[in-house]
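Here are a few exercises to work through with the structure open beside you. Try each task yourself before reading the solution.

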Amino acid sequence: MKVTDIMKKRMSLSFEVFPPKMDKPVEPLYSVLEKLYSLDPDFISCTYGAGGTNAGRHMEICERIQKSDNRTVAISHFTCIGSTKEDIRREMQASLDLGIDHVLALRGDIPKGWESTRGDFHHASELIAYLRDVFGSRFTIAMAGAPEKHIEARSFDEDIAHLRMKQDAGADILMTQLCYDTDGFARWVEKIRAAGITLPIDAGIMPVLSKDSVIRMCLGTNGCSIPRPLAELISRHYNDTPEDFRKAGIEYTIDLTYKFMNLGISGIHFYTMNKADAVLEICEGCGLTHRK
């Protein structure tokens, strides 16, 4: 079943995982997937390294997910980084041959020292348009959105215009970057709807499990804000043991998830960082277990 069809019926639940490095065993991730399957996810996405790093592992994981006895759908990430049109056509056909017909089409992060994608496309909208031109409706295509504005965009107007371009190029789903500011998220939804962006919105949630990871993901990578309630949590538990901080963070993430669920979104997407036990606790705390 297509994820878009699921979202028409109910709010979806999904997870993101990432493949291990080539010199690391893959079995621990298989154990993570088995735990995630117990939550009856509607799909699981797998990241794709910049410049194609871990591409082999990425497709291995996607195939494993897709062939999980019909327990869920695999969404493959794919970027413009270092990819020619022929590379894209070949890899996407290989994806279809494996039964993987959902893709998150991204520009991708420009690797350090590069000045461009070094590929045939420089924007996700171009990649999406190419996939539609070559493969028609064979793929369900997800696009990314940043509720607090992409770090490289000069303004919200510019960023939202690019979202509209991606929708018009043929995207089916809007999957968001992590965001802890639910009030800002709600305002962003109003703005993109006013701009004519009608796609179902899948809200990305990064569980709060350690202060260092929150600070790194928000400020060191994505340019996301740390709202006052989260800043207070970090301060109150700054010198706690990792386990005590994790406990407080899971409670915060449960409340955060409730807030997103009340915004009328089409899906909840947890960035698991391959930490299945924490995600299970959060979903159990929210009542997001055994929904089917």
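**Exercise 1.** Find where Asn 274 sits, and work out what stands out about its phi.

*Solution.* Start with the place: in this predicted model, Asn 274 lies in the loop between β8 (267-271) and α11 (276-286). Now check the backbone: phi of Asn 274 is positive, about 65°, although the residue is not a glycine.

**Exercise 2.** Locate Asn 70 and decide: is it buried or exposed?

*Solution.* First, look in the loop between α3 (55-66) and β3, where you'll find Asn 70. Next, its phi is near 60°, a positive value in a residue other than glycine. Finally, take the relative accessible area of Asn 70, which is 76%. The cut-off for exposed is over 50%, so Asn 70 counts as exposed.

**Exercise 3.** Which strands does β4 pair with, and how does the chain get from one to the next?

*Solution.* Begin with β4 itself, residues 102-106: four of its five residues are buried, so the strand is mostly covered.

Step one is the pairing with β3 (residues 73-79): the two run parallel and are joined by four bridges. For an example, pick Thr 79, whose bridge partner in β4 is Leu 106. To get from β3 to β4, the chain passes through helix α4 (residues 85-97), in a right-handed β-α-β crossover.

Step two is strand β5 (residues 140-145), which runs parallel to β4 and is joined to it by three bridges. Here Val 103 has Ile 141 in β5 as its bridge partner.

How values were computed: Residues are numbered from 1 along each chain as its sequence is written. This is a predicted model: local features need pLDDT of at least 70, side-chain atom pairs count only at pLDDT 80 or more; totals for chains, interfaces and linings use all residues. Side-chain values use heavy atoms; hydrogens and water are left out. Buried means under 20% relative accessible area, exposed over 50%, partly exposed in between (1.4 Å probe, protein chains only). Two strands pair if DSSP finds at least two bridges between them. A crossover is right-handed if, with the strands pointing away from the viewer, the path from the first strand over the helix to the second runs clockwise.
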